[in-house]
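Here's a quick briefing to read alongside the model. Keep the viewer open as you go.

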Amino acid sequence: MNKYKDIATPSRTQEILKKHGFSFKKSLGQNFLTEPNILQKIVATAEIDKGTNVIEVGPGIGALTEHLARAAHQVLAFEIDDRLIPVLADTLSPYDNVKVVHNDILKVNLQQETAYFDQEGPIKVVANLPYYITTPIMMHILASDLAIAEMVVMMQREVADRISAKPGTKAYGSLSIAVQYYMEASTAFIVPKTVFIPQPNVDSAILRLVRRETPAVAVKNEKEFFKLTKSAFVLRRKTLWNNLLNTYGKEEATRAWLETSLQQAEIDPKRRGETLSLEEFARLSNALESNKEK
């Protein structure tokens, strides 16, 4: 039985904010959750136990952090707002398995920072991500050499829809491909905007991302694969062919290279990027690479 009052109730949140004279910064996308049941549900979705080490981004006043600390072995939380460091030192004082790093997650060396974890075990990322920087944070973590087993992250519902989208849908794009290349994505549940202080304009979603043992598709050059997938969506209403010319150039030799590669990959240049599956993008990327070498 927990002997401490949960941080994430409306009254306790207001009490903490008042005690520390804290005011929200819109530029940092700060929205604090005030419903302990949702926090418990997040921890349960991430299947955290005493064998798990957790990375949290943007702990705020520690509402999710304390639930993670109770369930996990250790928690490493990154907070960019210097005004929240003394608040967290206060609210998280009952827990000795939490380390708060005052730094921008996009600038830290995650390999060095995770040396804090004193036992081997899966590393999971669990966080309420700031809306304005959700995608860069996720891509930074995915592209790091850190073996992240799973990510359970709260984000704007629309962004979660884009990440878990399937080919042929309006939400499907280069972000869907970039994340699904590494992870299996599914929306766990929706969080209404009414349970936050201050209240955001839209509902949030909890997205669960489980690391694939190997990437979803085999590509010869990852960097070029992601360049291709991005280029296919630059002008969504244009054909794949127009987008490829827009990215790679319109010289005669380039056109010939693109035409040959599309034929080899058996992809109609008149299709739109949003209709291509990960497998088709991989096929085209590999054909482009092979023909480049000749």
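Is Glu266 buried or exposed? Glu266 is exposed, with a relative accessible area of 67% (exposed is over 50%, buried under 20%, partly exposed in between, using a 1.4 Å probe and protein chains only).

A word on the ground rules. This is a predicted model, where local features need pLDDT of at least 70 and side-chain atom pairs count only at pLDDT 80 or more, while totals for chains, interfaces and linings use all residues. Residues are numbered from 1 along each chain as its sequence is written, and side-chain values use heavy atoms, with hydrogens and water left out.

**Confidence**
- The protein averages a pLDDT of 93, and 97% of the residues score at least 70 (pLDDT is the predictor's confidence in each residue, from 0 to 100).
- Helices (H or I, at least four residues) and strands (E, at least two) are DSSP runs, numbered from the N terminus.

- Most residues other than glycine have a negative phi, and most peptide bonds are trans.
- You'll find Glu47 in the loop between helix H2 (36-45) and strand S2 (53-57), and at 52% relative accessibility Glu47 counts as exposed.
- The peptide bond from Ile197 to Pro198 is cis, with omega near -20 degrees. Pro198 belongs to the loop between strand S8 (196-197) and strand S9 (204-211).

- Glu79, in strand S3 (residues 74-79), is buried yet has no salt bridge (a side-chain nitrogen of Lys or Arg within 4 Å of a carboxyl oxygen of Asp or Glu).
- For Glu79, the nearest side chain of opposite charge is Arg83, 7.8 Å away; Lys and Arg count as positive, Asp and Glu as negative, and His and the chain ends are not counted.
- Leaving out residues up to four places away in sequence, Glu79 touches several residues, including Leu84, Ile85, Leu88, Val100 and His102 (contact means heavy atoms within 4.5 Å).

**A helix pair**
- Helix H9 (residues 222-231) and helix H10 (residues 240-248) pack at about 125 degrees, with their axes 9 Å apart. Axes are lines fitted to C-alpha atoms, for helices over the stretch in contact, and angles run from 0 to 180 degrees between N-to-C directions.
- H9 and H10 are therefore oblique to each other (under 35 degrees is roughly parallel, over 145 roughly antiparallel, 65 to 115 roughly perpendicular, the rest oblique).
- Glu224, Lys227, Leu228 and Ser231 in H9 meet Asn243, Leu244, Thr247 and Tyr248 in H10.
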